[in-house]
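The sequence and the model are shown first, and the description follows.

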Amino acid sequence: MAASAGEVEMGLGEVPPVADRQVGASAKMTSTYSRARKTKEKPLAVRKSGRHARPAVNISSMEKAKRLTVEKNLDIVAQSHLEHLKLLILGSNTSIVRMSNSQTAEQSQFREGADEVTQLTNRRSKKRSRVWDFFKELPDEGKAICVYCQTKLSYHQGIGVSHFKCHILSGCQEFPQDPDRNEIFPVRDPAADGRGFVVDPAVTRDFMNKFWISANIAFRKIENSFFKKMMKSAHPSLNVHGRKILKKDCVGVYDEEKKKIQNSLANSGSSVSFTTDMWTSVQELGYICLTAHYIDEDFNLHMHTISFKSVPYPHNAAAIHSTIMDCLHDWDLSNKAFAITLDNATSNTAAVNKLKAKLWMDKPFGGEDLHVRCAAHILNLVVQDGMDIIKVAVEPVRDVVKHVNSSGPRLQSFNLLPEMSGHKPKKGLHLDVPTRWNSTHTMLEEALKYKAALTSYADVQNIQGHTVEDWNLAKRVCNFLKNFADATKVFSMHKFPTSHRYLEEIWGIRGLLVDEKYTKDDFLKDLCKDMKDKFDKYWDQPNKVLLVASLLDPRYKLVLLRFCFTEAFGEEISEERVANVRYWFTEYYEYYEHMAESSSHRSNIHSSPEVGGSADMLPRQKGKRKLELAFALFRQQHRPNRRRRSEVDMYLEDALVPLREDECFDVLKWWKRNVENYPVLAKMARDLWLPNRHLVPRA
């Protein structure tokens with residue numbers, strides 16, 4: 001049975017089995033569609049009918065897309081019917097079969113287009129706003145209800161949901177307290193996606209200068225043609241200048257940053273300590289680096305490299321002293337200089353003796369202990385003296401490691417050993433520098449990790465390997481040196497103060513050198529003896545400033561000091577030395593108390609708050625009032641002289657801060673919290689917490 005006219009027009013009819021029926025239906029469809037196209041009429045689904053047509057309405061973009069899809073499919077079906085009609089006129093039975101297959105394909109394509117329109121419509125109706133997490137639509141009522149307070153707000157398809165958002169942000173009384181309402185609907189920053197962004201060439205130029213300085217790039221690189229093209233591609237207004245202008249700009253950045261650091265140093269409210277070091281380049285030119293350290297009023301530690309200068313030849317005490325003084329005057333720090341940390345070179349000691357006469361004569365004890373010798377450098381000297389003794393344990397390991405690193409094929413064969421199956425392939429093993437003991441410790445530590453692989457490698461390569469006894473000896477030496485390596489790492493820290501840890505670390509090393517575990521070891525006892533002699537040479541008379549600084553650690557105070565001295569010298573000598581340290585501590589406190597402007601906090605002895613008068617008022621008073629005033633003055637003059645407890649007494653007598661395992665105690669934060677309880681000691685701590693190692697920038 002033939003399809004209806006509506007089905008034929010929509011392209012959904014079946015292909016008639018009889019040729020003449022197909023010709024008639026196709027002819028009818030073609031003529032109908034042709035008339036519609038000639039008269040520019042709409043398809044039947046949207047055509048206006050009759051004289052009283054409905055007024056035009058706004059058609060949404062989705063409906064337009066649907067109509068265009070329908071018209072497109074009508075064109076496809078009409079073209080298909082024309083082809084069918086042509087084939088039927090030729091009388092080919094095969095063409096009828098092709099017509100049926102072609103029509104089925106076109107009908108399938110039409111249905112796919114309709115499904116696509118349906119999907120677009122469904123996508124439009126999906127609610128993607130975040131407000132629907134808190135509201136539920138009520139289609140029958142034309143409203144939406146809040147899931148928390150059950151408030152109903154008007155809503156229908158096509159209107160906004162901003163009133164829902166306002167209700168969640170401020171109107172809902174039952175909204176839970178856990179989520180932050182302002183974070184539910186974050187405000188979008190237009191600058192985040194580049195909208196409204198305006199390129200400022202001055203800002204770009206400033207960042208370019210700082211990038212050139214921080215990345216240590218040669219000035220000539222700015223004239224590279226590809227760099228200029230890259231900047232032009234970013235924005236046409238970005239003009240790249242030459243290397244001379246770049247150099248001038250970088251000097252300007254230095255001057256600007258120097259002024260910022262100068263202002264920070266001037267307003268810090270504390271003294272400044274310095275670390276310095278000197279070395280000679282391969283061109284026999286001497287250089288000195290000076291680094292300033294200080295703690296601000298918020299107890300934040302700052303470090304600035306303020307000078308990197310060449311030292312005129314010869315590099316003696318006079319040249320070092322002159323270079324340091326020039327730097328201090330240049331930065332206006334001669335009146336704020338507190339202590340300086342250097343290594344133990346003879347020229348450095350003589351240079352600091354010259355500095356004392358100009359900088360520290362008004363300091364406690366004439367500034368004799370404000371030259372702080374680098375603790376890490378002394379540890380290096382102590383260990384280096386014993387390196388000849390442990391050479392027997394180190395050289396076999398060094399020879400095997402050197403053999404592995406000598407060529408690529410040998411390193412490859414080492415990585416292919418079965419013992420290396422559980423480790424990542426190595427690019428090379430750590431080989432020590434004989435003059436630096438910490439590199440020797442690192443080499444032994446790594447070699448013990450690959451002990452089995454190195455032993456197997458020596459057997460495969462037919463070289464002198466290690467016996468079990470050799471490995472045990474290397475392990476004992478490595479464990480012994482680890483104590484020195486850990487102490488050196490503590491003194492090398494520059495983001496935290498280290499002077500208050502002097503007693504803990506240095507006297508820990510001293511205890512190690514007299515420990516029976518090592519002094520009775522047949523191999524290590526000679527090593528301990530030589531190190532102990534060197535240790536006593538430098539630290540038999542400890543630095544006063546470092547001992548006073550160690551007392552400012554609220555976890556230890558005098559307790560750790562008394563313990564260390566008792567273990568080292570016995571109880572009788574210990575009490576004498578502890579008393580000396582407390583005397584030094586009091587002297588520094590009185591110096592800072594005198595410096596502090598604390599006179600306004602003291603009570604006025606000659607005033608009488610009870611009666612509000614003085615001795616000059618007695619002649620003008622009469623009777624009972626005169627007697628009261630005279631008695632008040634008499635009582636004040638004969639008041640018992642009670643000794644006021646100082647901050648030193650209160651601080652040392654207060655309980656220690658409890659020690660907790662695996663806790664990183666921040667001594668700066670503790671003093672920041674207790675600055676009101678101990679204002680003078682807090683000021684004193686900010687100056688005495690100086691670094692224990694001379695620090696220089698790495699090349």
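## Terms and overall composition

In what follows, the axis of a helix is a line fitted to C-alpha atoms over the stretch in contact, and the angle between two axes runs from 0 to 180 degrees between N-to-C directions. The model described here is predicted.

The protein chain holds 27 helices and 8 strands. Of its 699 residues, 38% are buried. Among contacts in the chain with a separation of 6 or more, 65% are made by residues 24 or more positions apart.

## The crossing of H21 and H23

Helix H21 covers residues 544–551 and helix H23 covers residues 571–595; their axes come within 9 Å and cross at roughly 85°. Angles of 65 to 115 degrees count as roughly perpendicular, and H21 and H23 are therefore roughly perpendicular to each other. On the side of H21, the contact is formed by Lys544, Val545, Leu547, Val548 and Leu551, while H23 contributes Val581, Trp584, Phe585 and Tyr588. By class, the residues of this contact comprise 8 nonpolar, no polar and 1 charged.

Leu546 also belongs to H21. Its relative accessibility is 4%, so Leu546 counts as buried. Between Leu546 and Tyr502 there are 6.5 Å in space, C-alpha to C-alpha, although the two are 44 residues apart in sequence.

## The second largest pocket

The second largest pocket contains about 710 Å³ of space. It is lined by 21 residues, of which Ile213, Cys250, Tyr254, Glu257 and Thr305 are the closest to its centre. Two or more lining residues come from each of helix H7 (201–214), helix H9 (243–266), strand E6 (301–311) and helix H10 (317–330).

Which element gives the largest share of this lining? That element is H9, with 8 residues. In terms of class, the lining of the second largest pocket consists of 11 nonpolar, 4 polar and 6 charged residues.

## From E6 through H10 to the following loop

The loop between E6 and H10 includes Pro314. The peptide bond joining Tyr313 and Pro314 is cis, with omega about 0°. Within helix H10 lies His321, which counts as buried because its relative accessibility is 10%. Not counting residues up to four places away in sequence, His321 touches Ala351, Lys354, Leu355 and Lys358.

Asp332 is placed in the loop between H10 and strand E7 (337–342). Its phi is near 60°, a positive value in a residue other than glycine. With a relative accessible area of 58%, Asp332 is exposed.

## Backbone angles that stand apart

Most residues other than glycine have a negative phi, and most peptide bonds are trans. Lys557 is not a glycine, yet has a positive phi of about 50°. This residue is found in helix H22, which spans residues 557–569. Is Lys557 buried or exposed? At 4% relative accessibility, Lys557 counts as buried.

## Buried residues elsewhere in the chain

His371 is located in strand E8 (residues 371–373). Its relative accessibility of 5% means that His371 counts as buried. Leaving aside neighbours within four places in sequence, His371 is in contact with Ile340, Leu342, Asp343, Thr349, Val352, Trp360 and Asn543. His371 and Asn348 are separated by 23 residues in sequence and by 9.6 Å in space, C-alpha to C-alpha. Another residue, Thr488, is found in helix H17 (residues 468–491). Thr488 counts as buried at 17% relative accessibility, the cut-off for buried being under 20%. Apart from neighbours within four places in sequence, Thr488 is in contact with Ala376, Leu379 and Trp437.

Helix H27, made up of residues 679–688, has 8 of its 10 residues buried, so this helix is largely enclosed by the rest of the structure. The buried residues of H27 are Val680, Leu681, Ala682, Met684, Ala685, Arg686, Asp687 and Leu688.

How values were computed:
Residues numbered from 1 in each chain as written. Predicted model: local features only at pLDDT ≥ 70, side-chain atom pairs only at ≥ 80, totals over all residues. Heavy atoms only, no water. Helix = DSSP H or I, 4+ residues; strand = E, 2+ residues; numbered from the N terminus. Parallel < 35°, antiparallel > 145°, perpendicular 65-115°, else oblique. Contact = heavy atoms within 4.5 Å. Nonpolar A, V, L, I, M, F, W, Y, C, P; charged D, E, K, R; others polar. 1 Å grid on protein atoms, 1.4 Å probe; cavity = no way out; pocket = protein on both sides within 12 Å on 5 of 7 lines; lining within 4 Å. Points joined across faces, edges and corners; volume = space filled by probe spheres on them. Buried < 20%, exposed > 50% of the residue type's maximum accessible area, 1.4 Å probe, protein only.
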